[in-house]
Amino acid sequence: MKKFLLSAIAALTMSFAASADVVTYDFINESYGMTRLSGDTKDYNDDPQAIVNGAITINATGKSRLWADGLRLYTGAKFDAVIKEGKISEIVITYKDKTAAKGVKFSDGQTGTYTVTEAVGTWKGDAETIKFESTITKSNLAISTIKVTYTGGVVDTRKPAGLAFSASTASAVVGQPFTAPTFTKETTATVTFASDNDKVATVDAATGAVTIVAAGEAVISAKSEANNDFLAGAASYKLTVTKAADSKYVKATAIEAGDKVVFVANNKVNKLFNKDYGYMSAEDLPEGTTTSFDGTSDIAFTVAAVEGGFTFTTSEGKMLGAKTGFYTFDTSDDSADNRAWTVTFDAEGVATITNVATSLVVYQDPGFGSFGCYDAKKLATLTNPAKPYIFKIEGKAGISETVAADNAPVEYYNLQGVRVANPENGLYIRRQGNKVSKVLVK
């Protein structure tokens, strides 16, 4: 009898062992309904993103997206593995590298154990839901595969929510009517709409109606909870709002003090540069723009004449500069030469804009569309870099149209381009009419 019982127990144990199933998520080669992204995109997965593979569902919340190196998680992102009417006994997560593996935490208050060896994290236990969270504070981490071992479980037969907008991007102009992308759904659950930037656009939570507030970018999202018939769902689009055009820009073949100008290459024009340093972002112009376009004056640089060339100052008072060893623009350097540029034009109107202090030259990198300042060594690594054309606001400035310098009020700026009412002890930029010079105040 004892022998029989032992045999029965062994057989039963083998039966349980045999009933364990394994499912593997391969984020390098499979997409699971997600779009694999690349390049200079700012798109992400829906939030939350349900990734279904048989009886197992992985729910990613926060910023995540599918990339060439796997499922990328960003700061604050979380994910869980869930089984319905079953138990998960093991999860093996293969990360892109050891650094990525260190960036994921097994959420507190759960059963089971989670260990990390090299680029592999392993959870063991007995649970229906296992939660993980990203602990990185910058950049991202990538997951290559997730292997889940489980018993029981049923395939969720609920239908996708089917939330969708007719476009992933939309544009609007302040003060003008806006038509949002068409929204459709399959779910019978309530859909809630939201904006991630109410300073740019607000949204009626129930209807999705958008009210434009100001220039900038906002992500408009729609979410629904799961119910008996449908899975949870999410969809979104990125809304870019611009100011209404207030100026006409025309192609220039020369510049002078007082002109308000922009850089144009490959049918893109610079955006407002409001950083201490960085590449200068650009946006598309209407197709076929060659000699003129309508735009906003806030993106323009004001030209001033200085010894050896010109300076370019943004509408926010930042004076454009460059630094040796860097290919980005800089507005924080305290060198006056750092801010001076020479400008020449060829017969086609292409401008060579050269920084006096560093000899770096302004080019657009077509790979990203942004402008930077480059030397010959860096240019050799770029594909078809382009010198810009200069367009200037029609009817603005020109030294012959400005106030005579001798009669104009004197203004002082610190070397960061900020206006100073009462300068004391130090170097300052002195501007009177179209005359700009560096002075030492004692």
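**Confidence**

I looked up confidence by element in this predicted model. pLDDT is the predictor's confidence in each residue, from 0 to 100. Helices (H or I, at least four residues) and strands (E, at least two) are DSSP runs, numbered from the N terminus. The mean pLDDT of the chain is 88, and 90% of its residues reach 70 or more.

Where pLDDT is low, the predicted coordinates should not be read in detail.

For the record, residues are numbered from 1 along each chain as its sequence is written. Local features need pLDDT of at least 70, side-chain atom pairs count only at pLDDT 80 or more, totals for chains, interfaces and linings use all residues, and side-chain values use heavy atoms, with hydrogens and water left out.

**Backbone**

Most residues other than glycine have a negative phi, and most peptide bonds are trans. I looked for exceptions. A cis peptide bond joins aspartate 47 and proline 48, with omega about 5°. Proline 48 is in the loop between strand S1 (21-26) and strand S2 (49-53).

Glutamate 85 has a positive phi, near 60°. I found this residue in the loop between strand S6 (78-83) and strand S7 (86-95). Glutamate 85 is exposed, at 58% relative accessible area. Exposed means over 50%, buried under 20%, partly exposed in between (1.4 Å probe, protein chains only).

**Pockets**

I used this rule: on a 1 Å grid over the protein atoms alone, a pocket is an open set of points where a 1.4 Å probe fits, with protein on both sides within 12 Å along at least five of seven lines; lining residues have an atom within 4 Å of a point. A volume is the space filled by probe spheres set on the points.

The largest pocket holds about 1,500 Å³. Its lining has 42 residues, and Glu217, Thr240, Lys271, Ala282 and Glu283 lie nearest its centre. Strand S14 (169-173) is among the elements giving two or more residues. S14 gives the most, with five.

The second largest pocket has about 1,200 Å³. Of its 44 lining residues, Tyr44, Asn45, Asp46, Asp47 and Ser236 are closest to its centre.
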